[in-house]
Amino acid sequence: MHGRPRKTAKAEDLVASAAKAEKLRQLQSQLLRNHNDRIYNKEALEICSKLLEVNPEVYTAWNYRKLAVQSNLESCGDHEVVQSIVNQELKIAEIALRRNPKCYGAWQHRKWILNLGSDKADFDQEFRLLDQLLKADSRNFHGWNHRRFVVALKNVKEEEELNFTTEKINTNFSNYSAWHNRSVILSHLMKQNAPGFDPREKVLTEELEFIHQALFTDPDDQSGWFYHLWLLDQIIARDSPFLISSWPAHGTELILSSNTSVKDFQHFESTEYAQDIRALPIVLYFNQAVKGVNSTTVTVESIFTENVDLIWKPLSASNSVEAHCWVTYLNISERDCNSLEPYSIKVSFGNTQGLVSSDGCPLSYACQCEFSLKISPHSPGSCSKESNVNMVHWDNENFSRSEFLQIRPFLMSYQRQKIIANSELLISEWCSETLSREIMLFRKLISEINCKIAKLTLGRLLIARNFILSRGIQLTKNRTHFEETLQLYDDLIRLDPSHIGYYKDQRSLVLMDQVTSDEESLRKHCWLPKELSLTSAGQSVCLRLNKLSLTRIGFVERLLWVNVLDLSHNELQSVEGLEAMQLLSHLNLSHNKLSSMTALEPLRPMISLQALDISYNEIGAHSIDTKRYQCASSPLSHPAGTCGDVQGFEDFDPEEVKLYWDAILIFKHLHLTQLDVVGNPILNEPFSSLMIRLVPSLQWLDGRPAQQS
Amino acid sequence: MAEATAGEHPVIDPSSFDLVVSGTGLVESLVAAAASASGKSVLHLDSNPYYGVHYSSLSPQSLSSFLQQNAPAAADDDDGPRQPAPKSSVGVAVDLQPRRLYSHVEIAGEVPEPSRGFLLDLSGPRVLYCADPMVDVMLRSGASHHIEFKSVDGSMIYWDGKLQMVPDSREAIFKDKSLSLTEKTQMTRFLKLVREHITSEGGEGEEASKISGPYLEMPFVKFLEKQRLPPKIKLIVLYAIAMADYDQDNPESCNKLMDTKEGLESLSLYSSSIGRFPNAVGALIYPIYGQGELPQAFCRLAAVKGALYVLRMPASSLLFDKEDKAYKGVRLATGQDINCHRILMDSSSVVPPPFPSPDPLESTIEASHASKVARLVCITRSSLHPQLSNILIILPPRSLFPAQETSIRALQLGSGLAVCPPDFFVVYCSTKCDDAIRGKEHLLAAMNALFELPGGKNEQDEHSGDLYINESTSKSKPVLLWSASYVQELTEGCSLSSSPMPDGNLDYGSLLKSTEKLFHSLYPHEEFFTAGRPSEEEGDDITEG
């Protein structure tokens, strides 16, 4: 069963197994002959039984038996004969299982027979056998599976099965199968609001109490922790989605201009579609992936574009139908706006059905964002394509700290919305109290014992509590323990180096949470660019999250307002999440660990991006992106490789497509003026020339003026 | 016992043996069986009509009369100089004097009917650990064929006026409702530490997890404190698992402190006992029909190997050989003289030191701290635990009254072990003591705490009615129907020709050790039950399901 060392066979064993093989060969060939000739008489079945007794793993034999049973049942309707066939088959399966309790074929056969003759089978006997089996090996998952099957067939009350798991756990709580079955039964009972399982909170509290006994008795045993994780998931279950952030935020006043000195307002540098049409992105960020965002579920009232004409796009690296973040572009034509008065724009949703979470839960409340847009006269030249753009330098000396910096208006862009119909309080008091109680308990535990999984759980709990609290309106309140959480992950990185990647990712998310948690901490990372090229473009603040050892990006919903972002000198392997930052015009990703062009996939929808620095990464070192979080990347399975995109390759040399298909897919959508690729294995003369042809707007490539050849 | 006369008993033939053993107590039976197994001719005598002497299981009536017979009479203090008896054909005959080993015998109450259904251990409470060396000897020798065991269902500890289950294994700790979560972690962490130490001692685990020299010499209680164990866990480990006898927190009894080495050995025995046999639920087992089965099993074993058994046959004197300067024979009560090379007498009779040059009396067991054991046998009609019937109960020092110096152990057995009729329970208590009166005081306090005395004689009644922790239904204490209390002398070590009395321990470990030494001093070149017979399979069915 478990933990038995493998022994090498002795000489006499070898002789015995050779004899067995000979016998098997004989039986097997006889069986195949009978199978072929469709002989289902008693003698033939006897040969089959003998074979299965010696080797229960012959699938053909099981299959043959099924055919034989079917044929024999058809030919007779006699009650007793049917009964004897059912009994006979159950017996054969039992013999096989006694020989090998993990024989798939035998379990399958038994199930098939029971299904066939459910009115004939002796279920008490079935439970007796299962009890024997689970006593011999309480973790035989076949046994547990079969038990679930028999229970369903016989309609045994789920409460009884729950008691059975309790019994098994009391005998030995290191039993994954029992804990698993418990979670399956309980979730069903809670969903049905079965009597005794009704306030869900009560059940979950009791279960926590129960699992604590196992966790504290033997913290190094993993089975209990899995159940605990499941319980936590039930506790912080996110049923209904809601909006956590938007751009523009509710109540803001935007100035659409290229050059202004007024700092109390949100500035917006538009991207030009045509000479006189500019696009205003509207970004909605939900607490979980949602689907069904379209012009019927979301209404945008403005004078610029008819609501029905708006197309909402999911912003997600996997480009599926659901995403946390959705965007639409409002086309602002100069012709429409002659007034200097602000235009009011209203975004409302939740009044109609259709916007739901990935498992079909509707929005928790209806919501409305209202903001105004002022359009300053279009100053010719500054937004003209022909105009020359200065090169951007990311060096330290080009930035200065400013204590007087006002970032409040930007910060306001998240967590502000007008809740129209608040159906219920978002934070369940029970939930946050339970999490706090758990946190206290596990702090105590790790003070007693140095246990990896306890530390991991405490880290998760702290993160989960922050997450729960951040759902509410009071953002900065009670959201501490960042240092404690970071310390936990630092410990884990040291204690458990084999899972370093996961711990670093978690640590990065905590760090991002901390940095973006409030105005004060965010201010520390906000710098003023000295260089004219940046300020003249209207960007006043650069968010510098460099040298933080980040491996992942998170909490982007709090950064939707950012124009200039410096993520250099981190350990980023993926930039997933950045796609939501629709206002980003300057991005520094240099000195990271991006290993392929496909890792830059999230940049594709960033229509405002002008300057991109990906120098000193590992792009080209690996042919495909192995660091993606969801699906594998290849020309065939890559989400970008849809038909429409493939057509775009026609303009390129087939050899180039073969080498740089991923770069082509990403860069042909971007309107970059500056690109830095130096320090990547991919960089060579053909690549540079491709880039220049691929991005016509490019003016600076690796610090040199890009010349169209 | 009725004096056997020559007329009732035929003459024993042959009249010469390698070894004559008098008394069928456990130690003597073990030696007899081991000697027969090594091919010696053995004559095994007992003055009683039953096997076991001080180790026997008797009916209440026989128990009372045995105790009273072996208790000192008013004028029995005459320890006058012994005179050599008349010369025999072999040598000088030295008369044996009976030794009074029991005192302060008190019998109270009426034995409930059917009184013949009770089998009461004289040397209770006593159990075997599944990993006990005694169990190994039984498996090795084949004595296990003559005896069957059942599990003790669990252990309880008395603290704060309540009985609670002892969390002695991972599963028990998991299920326990009286320990806090942190205490559970501390308890398993400690047990794990011990387990790692044991495996590293066995040469398997990592050397780093071994608890090293200086730690082993420190008092166990200090070691436990170093492991940051809270008082409650310390108490459980010291008294309910390591079975310490004396108050380990009392500096005055520092010579009675258990050292870490000793403590770890006890824990190791305990933990390796759990799960040794598939049918045993805990660490402890008890023989069906009582402890008296053990000496009988070895006597049977000896008889199979050719030993000759004569019950109701006291030896009246020993025959001293002047040339060999040793006892070389026994004169039976029938007057027959038996020649032999070796003699082993049980402690019921005083073996006078052979003169003119006495054998050096080799003390083979470590000097015992106490000189006496106070014992109590009780009969009740209800169990101390609402569900379990066979339980060990520990009343650690100071749990009953502040001046309680020693741990009192009690063992309750039900009819499943065939020691009493259905719906009855037998409870044994014992504690070591130097002073008989103090020992009896301790037992009385335990009796008061555990039972409802007939006629409401309990001294403090505030706890009666809520003896259990974790039980929703408050159940009253069992009523004491019958009890026998007595104080038993411990013989100081054992000599070449005299075996020790039952000690005050819970198990047979130290008795077995002295028996082995005794055997080796009798037969330095023989093996104490030849090892090597595969016995693991037999081990599987040592306990009944």
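A polar contact is a pair of N or O atoms within 3.5 Å. Keep that cut-off handy, and remember that the model you're looking at is predicted.

**Exercise 1. Work out the surroundings of B:H44: which element holds it, is it buried or exposed, and which polar partners does its side chain have?**

Step 1. Find the residue. B:H44 sits in strand β2 of chain B, residues 42–45.

Step 2. Check its accessibility. The cut-off for buried is under 20% relative accessible area. B:H44 comes out at 0%, so it counts as buried.

Step 3. Look for polar partners. The side chains of B:H44 and B:Y309 make a polar contact of 2.9 Å. A polar atom of the B:H44 side chain also lies 2.7 Å from the backbone oxygen of B:G23.

Step 4. Leaving aside residues up to four places away in sequence, B:H44 touches B:V21, B:T24, B:E28 and B:L308, among others.

**Exercise 2. Describe the contact between chain A and chain B: how many residues does each chain give, how much area is buried, and which elements of chain A take part?**

Step 1. Count the residues. Chain A brings 22 residues and chain B brings 15.

Step 2. Get the area. About 1600 Å² is buried between the two chains, and carbon and sulfur atoms give 54% of that.

Step 3. Go through the polar side. The interface has five salt bridges. One of them pairs A:D220 with B:K192, with their closest N and O atoms 3.3 Å apart. Eleven residue pairs are in polar contact between chain A and chain B, both residues at pLDDT 80 or more.

Step 4. Name the elements. On the side of chain A that touches chain B, α8 (158–171), α10 (200–217) and α13 (429–448) each give two or more residues. The largest share, six residues, is from α10(A).

Step 5. Sort by type. That side of chain A divides into nine nonpolar, eight polar and five charged residues.

**Exercise 3. Trace the nine-stranded open sheet of chain A: what is the strand order, and which strands stand at the edges?**

Step 1. Chain A has 21 helices and 21 strands.

Step 2. Write down the order. The sheet runs β12-β14-β15-β16-β17-β18-β19-β20-β21, with mixed pairing.

Step 3. Pick out the edges. β12 (399–401) and β21 (704–705) of chain A each have a single partner strand, so one side of each has no neighbour in the sheet.

Step 4. Zoom in on one pair. Strands β16 (564–566) and β17 (586–588) of chain A run parallel and are joined by three bridges. A:L565 has A:L587 in β17(A) as its bridge partner.

Conventions:
Residues numbered from 1 in each chain as written. Chains lettered and ligands numbered in written order. Predicted model: local features only at pLDDT ≥ 70, side-chain atom pairs only at ≥ 80, totals over all residues. Heavy atoms only, no water. Contact = heavy atoms within 4.5 Å. Buried area = accessible area lost by both parts, 1.4 Å probe. Salt bridge = Lys/Arg side-chain N within 4 Å of Asp/Glu carboxyl O. Polar contact = N/O pair within 3.5 Å; in protein donor to acceptor, adjacent residues only side chain to side chain. Helix = DSSP H or I, 4+ residues; strand = E, 2+ residues; numbered from the N terminus. Nonpolar A, V, L, I, M, F, W, Y, C, P; charged D, E, K, R; others polar. Pairing = 2+ DSSP bridges. Buried < 20%, exposed > 50% of the residue type's maximum accessible area, 1.4 Å probe, protein only.
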